[in-house]
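Grab a pencil and work through these exercises with the structure open beside you. Each task comes with a step-by-step solution.

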Amino acid sequence: MLLFRPLELLQLPETMVNSLGASPLRIRAAAVLLALVMSALIINAVGVIGFIGLAAPHLARFGGARTSRQLVLHSALTGSGLLWFTDLCVSRVSLFNGQLLPVGMLTALTGGPLLILLARFARQQSLDTAPPPQMSSHTSRWIPWAAVLALAVSVAISLFFGHGLTHWHWAHSAELAHLLPLRLPRLLAAISAGALLAGAGVLMQRVSGNPLASPEVLGIGGGAAMGVTVYILLFPTHGSTFLLFSSLCGALISLLLTMWNSRRSAFNPQRVLLNGVALNALCQAAVSMVMLNNLAASSVLLPLMTGSTYYISAPLAQWLFIATLILLTLTSLFRRWLVLLPLGGVAGSLGLSLPRARFGVLTLAALMTGLATLLVGPVSFIGLLGPHLARKTGVKGALAQLYTAALLSACIMTLADWLGRNALYPRQLPVGLVASLIGVPLLVWPLIRAKGQRGAE
């Protein structure tokens, strides 16, 4: 309650807040510290409760809350009511083995549809907060070639260097005949997944103007996982022949639902992202419930959810690699859209049909994410990391950023797959989780370095 008035000041420009004698840094620090204490107390008492912290403030805002006082009070009441209702529902349902459903995992089942419904009919329109694009398209020529060289080195290490029965060694020509059928499919799968997720991340960041947009933010990854889950439940004995098709169908259906629910706001990027987050949380909760209740489906879904390339077959890996090259080539046809879309509403005055351009770019992103989800599951952190690394290296052009991000992400996924095969040999680590372990330091280090440089200045 003591932060109600200071939080209202943060709605003003930072220079104006300073002129009023307040410190934005201290206000934000106090608010974040209080939020951390609240979260720690809740997790210590009942464990992780997902989605409530995201859904309740948006539901309160859609319900008419505007000031900080109203948002805090209405969000608290909405969140408590939503969690109570979820607990009331799941407490009367148990799994086949008598195990109770975890309420924290299933909050999205009750809050997700409500948030999607209110987001569709809410009169308030989100502002187009897309940042102005970087008009300079000059990119240092050595950066893409350095990315190509890094990928070539990582490919060589992945194919020729590894842990044997007793020690590390480079594979000889006589050994390659036996090793390539085992290593090459996983290598192609890792390269394809990294390039596809990075390409999808760049497309969504350009269309939404949000540098934090990634494949899972639009619900595409969750929809793809949901498609695979439905296929496994309906056809448990048909093998993996149509897993790719079901993944693509799930991704496209989730995209269509998100876009259909956002058409009232003229496909406003922020409204599209909100619908996608709610849909993704809903799909993830449904998939998690299936994994808890169906052990046979869980054995198939667990490698998918953790991003393992261990079970990839050679024909599927080759097919996906060819599809990756085709989709990356097709992105060159969207160059004008990718350049103009970050302008937001201004792009319409330049002759660009915003609904058609956004829908076309997002459809291509859905295809990329659907293919990648079959390989690494919904663990699509690489789709956020690749575009940021390309941007940090100074790549500014739309297509240059996309292809550089694809090369860098493919390199990271290749190294992640190599580490997953050899770090705990003979045990295998999921490539999706290893990629996150590698990617987080790469994403955080430039931020810490930039902060240190500003402090020195």
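**Exercise 1. Which residue just after helix 17 takes a positive phi?**

Solution. Before starting, note that this is a predicted model, where local features need pLDDT of at least 70, side-chain atom pairs count only at pLDDT 80 or more, and totals for chains, interfaces and linings use all residues. Residues are numbered from 1 along each chain as its sequence is written, and side-chain values use heavy atoms, with hydrogens and water left out.

- Step 1: Find helix 17, residues 382-392. Helices are DSSP runs (H or I, at least four residues), numbered from the N terminus.
- Step 2: Look just past that helix, and you land on G394, with a positive phi of about 100 degrees.

**Exercise 2. Work out why helix 17 counts as largely enclosed.**

Solution. 

- Step 1: Set the cut-off: buried means under 20% relative accessible area (1.4 Å probe, protein chains only).

**Exercise 3. Trace the salt bridges around D417.**

Solution. 

- Step 1: Recall the idea: side chains of opposite charge can pair when their charged atoms come close. The rule here asks for a side-chain nitrogen of Lys or Arg within 4 Å of a carboxyl oxygen of Asp or Glu, and it gives 2 salt bridges.
- Step 2: Take D417 and R186, whose side chains meet at 3.2 Å, N to O. This pair ties together distant parts of the chain, with D417 in helix 18 (residues 398-422) and R186 in helix 8 (residues 173-208), 231 residues apart.
- Step 3: Now take R421, which bridges to D417 with the closest N and O atoms 3.3 Å apart. R421 and D417 sit 4 residues apart in helix 18, so about one helical turn separates them.
- Step 4: Check burial: D417 is buried at 1% relative accessibility, R186 is buried at 7%, and R421 is buried at 7%.

**Exercise 4. Describe the largest pocket and its lining.**

Solution. 

- Step 1: Know what's being counted. On a 1 Å grid over the protein atoms alone, a pocket is an open set of points where a 1.4 Å probe fits, with protein on both sides within 12 Å along at least five of seven lines; lining residues have an atom within 4 Å of a point.
- Step 2: Read off the volume, about 1,500 Å³, taken as the space filled by probe spheres set on the points.
- Step 3: Go to the lining, 34 residues, with M38, G53, P57, V72 and S75 nearest the pocket's centre.
- Step 4: Sort the lining into 22 nonpolar, 9 polar and 3 charged residues. Here Ala, Val, Leu, Ile, Met, Phe, Trp, Tyr, Cys and Pro count as nonpolar, Asp, Glu, Lys and Arg as charged, and the others, Gly among them, as polar.
- Step 5: Spot the contributing helices: helix 1 (4-9), helix 3 (24-46), helix 4 (52-62) and helix 5 (68-90) each supply at least two lining residues.

**Exercise 5. Is V17 buried or exposed?**

Solution. 

- Step 1: Locate V17 in helix 2 (residues 14-19).
- Step 2: Its relative accessibility is 1%, so V17 counts as buried.

Note on methods:
Buried < 20%, exposed > 50% of the residue type's maximum accessible area, 1.4 Å probe, protein only.
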